[in-house]
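Hi everyone, thanks for coming. Please have the viewer open, and let's walk through this one together.

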Amino acid sequence: MALISLGVVALDCPDPRALADFYAEVLGWRAEGEGDWFEVAGPDGRKLAFQQVADYRPPQWPGQEQPQQLHLDFDVRPADIDEAERKVLALGAKLVQSDEGVRDFRVYLDPVGHPFCLCMCER
């Protein structure tokens, strides 16, 4: 094992349970936690965490007045990109940049404004 390893990536948000539930549904993982800290965990041990912040201000993508600070990329097979998009939109995401046939990714905002991408790649 390396001296230092990544434990979890944590995202600030106003309601950690709601955002954990969103990403659990997106990824097919499970959400657990309580109070101001929730995590979603995958079968391979990967985790995302969500922590409550009282005065949360969402990033303004693509502007820099309130920069994005970080974003998540999710891999999707090109043949499945439209189905994946329907799923995240139904869960409350907002499309902010389509691929328009030129790029290999689409940009969305999660329910509290964090940008994330569905990236087309062969897995």
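Predicted model: local features only at pLDDT ≥ 70, side-chain atom pairs only at ≥ 80, totals over all residues.

Let's begin with the strands. As a reminder, strands of a sheet pair through backbone hydrogen bonds, either parallel or antiparallel. Here, 4 strands form an open sheet in the order S1-S4-S3-S2, with mixed pairing. Strand S1 (9-13) and strand S2 (30-34) are at the edges with a single partner strand each, so one side of each has no neighbour in the sheet. On average, neighbouring strands of this sheet are turned by 20° against each other, direction ignored. Look at strand S3, residues 37-41, and strand S4, residues 47-52: they pair in the antiparallel sense over 5 bridges.

Strand S7, residues 105-109, and strand S8, residues 115-120, pair in the antiparallel sense over 5 bridges. Val107 has Cys117 in S8 as its bridge partner.

Leaving aside neighbours within four places in sequence, Asp73 is in contact with Cys117 and Cys119. Cys117 is 44 residues away from Asp73 along the chain, yet their C-alpha atoms are separated by 4.7 Å. The side chain of Asp73 also makes a polar contact of 3.2 Å with that of His71.

Last, the aromatic rings. How many aromatic pairs are there? The count comes to 7. One of them is Phe22 with Phe116, an edge-to-face pair at 6.1 Å centre to centre with 65° between the planes. Phe22 sits in helix H1 (residues 16-27) and Phe116 in strand S8, so this pair ties together parts that are 94 residues apart in sequence. Both residues, Phe22 and Phe116, are buried. Tyr23 and Phe50 make a stacked pair, 5.6 Å centre to centre with 10° between the planes. Tyr23 is in helix H1 and Phe50 in strand S4, so here the linked parts are 27 residues apart in sequence. Tyr23 and Phe50 are buried too.

To finish, find this group on your screen: Phe22, Tyr23, Phe50, Phe74, Tyr108 and Phe116 form one aromatic cluster.

Definitions and conventions: Residues numbered from 1 in each chain as written. Heavy atoms only, no water. Pairing = 2+ DSSP bridges. Helix = DSSP H or I, 4+ residues; strand = E, 2+ residues; numbered from the N terminus. Axes fitted to C-alpha atoms, helices over the stretch in contact; angles between N-to-C directions. Contact = heavy atoms within 4.5 Å. Polar contact = N/O pair within 3.5 Å; in protein donor to acceptor, adjacent residues only side chain to side chain. Phe/Tyr/Trp six-rings, centres within 6.5 Å; stacked < 30°, edge-to-face > 60°. Buried < 20%, exposed > 50% of the residue type's maximum accessible area, 1.4 Å probe, protein only.
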